Amino acid sequence: MRKPHIKPIDKEVEIPDKKFLVSKTDLRGIIKYANTAFIEVSGYTEEELVGSNHNIVRHPDMPRTVFKLLWDTIQSGKEFWGYVKNLAKDGSYYWVFAHVTPSYDTTGANIIGYHSDRRKPRKDAVEKISQIYAEVKKAEERGGLEAGVKKFNEILEMEGKDYAEFVFSI
Ligand SMILES: Cc1cc2nc3c(=O)[nH]c(=O)nc-3n(C[C@H](O)[C@H](O)[C@H](O)COP(=O)(O)O)c2cc1C
């Protein structure tokens, strides 16, 4: 499915406790699998999700810088942990704490796709991270991705942590 144009609304959908939203993608981020919790929370049908780019749930408030970090991390074979604000089909939003990992072929030498599971984040962590993302987004609006990355790194430097350490400290 092509990315639909959805107008965000100021309504939060809470992920049920203990539910994991699971998806698998190919190397380009095209969804190959979505579990029931992901289908229910996103508001799309399985048919709409499978075959679509994962950016189908991208929320416009999210800085591009975070997705650059996500892709740089997983394409280099490492796991990514991070907070993401997502857009549901009806325009509402849902915050997740996401874990994204590369999947390897049987030789273990080649990445063949990616796997992610997401759970409900703590409210206080979302409050902290959304302030940081808003600052990074503002920097991107003024100076593009480069300015966003610079801002993000400055904030993390002040915290004395990289993003992976930071997400577990809040
Ligand atoms: C396994 C996997 C899971 C992803 N999960 C999300 C997600 O939950 N929300 C999101 O906005 N992007 C997610 N992405 C990143 C998207 O592929 C995409 O880079 C991002 O939405 C930004 O969209 P854009 O590249 O069109 O700017 C995921 C990527 C992969 C490989």
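Predicted model: local features only at pLDDT ≥ 70, side-chain atom pairs only at ≥ 80, totals over all residues.
Residues are numbered from 1 along each chain as its sequence is written, and side-chain values use heavy atoms, with hydrogens and water left out.

**Stop 1**

Select residues 93-104, which make up strand β4; helices (H or I, at least four residues) and strands (E, at least two) are DSSP runs, numbered from the N terminus. Of the 12 residues in β4, 10 are buried, where buried means under 20% relative accessible area, exposed means over 50%, and partly exposed lies in between (1.4 Å probe, protein chains only).

Because 7 of its 8 residues are buried, β3 is largely enclosed by the rest of the structure. The hairpin of β3 and β4 has 5 residues between the strands, and G91 takes a positive phi near 95 degrees there.

Next, select residues 111-119, strand β5, which pairs with β4 in the antiparallel sense over 8 bridges. Here A98 has R118 of β5 as its bridge partner. The hairpin that β4 and β5 form has 6 residues between them, and G108 in its turn has a positive phi of about 80 degrees.

**Stop 2: the ligand**

Show the ligand and the 14 residues around it, of which N55, R58, W71, N86 and R118 come nearest; a residue is near a molecule if one of its heavy atoms lies within 4 Å of it. Helix α3 (64-75), β3 and β5 each supply at least two residues of this shell.

Which distances separate oxygen atoms of the ligand from polar side-chain atoms of R58 and W71? For R58 the distance is 2.9 Å, and for W71 it is 2.8 Å. Taken alone, the ligand exposes 610 Å², and the protein buries 86% of that, with accessible areas coming from the Shrake-Rupley method with a 1.4 Å probe.

**Stop 3**

Move to S52, which is found in the loop between α2 (46-49) and α3. Is S52 buried or exposed? It counts as buried, because its relative accessibility is 0%. The side chain of S52 reaches the backbone oxygen of M1 at 3.2 Å.

Finally, select A134, which lies in helix α4 (residues 123-159). A134 counts as partly exposed because its relative accessibility is 41%.

Terms used: Pairing = 2+ DSSP bridges. Polar contact = N/O pair within 3.5 Å; in protein donor to acceptor, adjacent residues only side chain to side chain.
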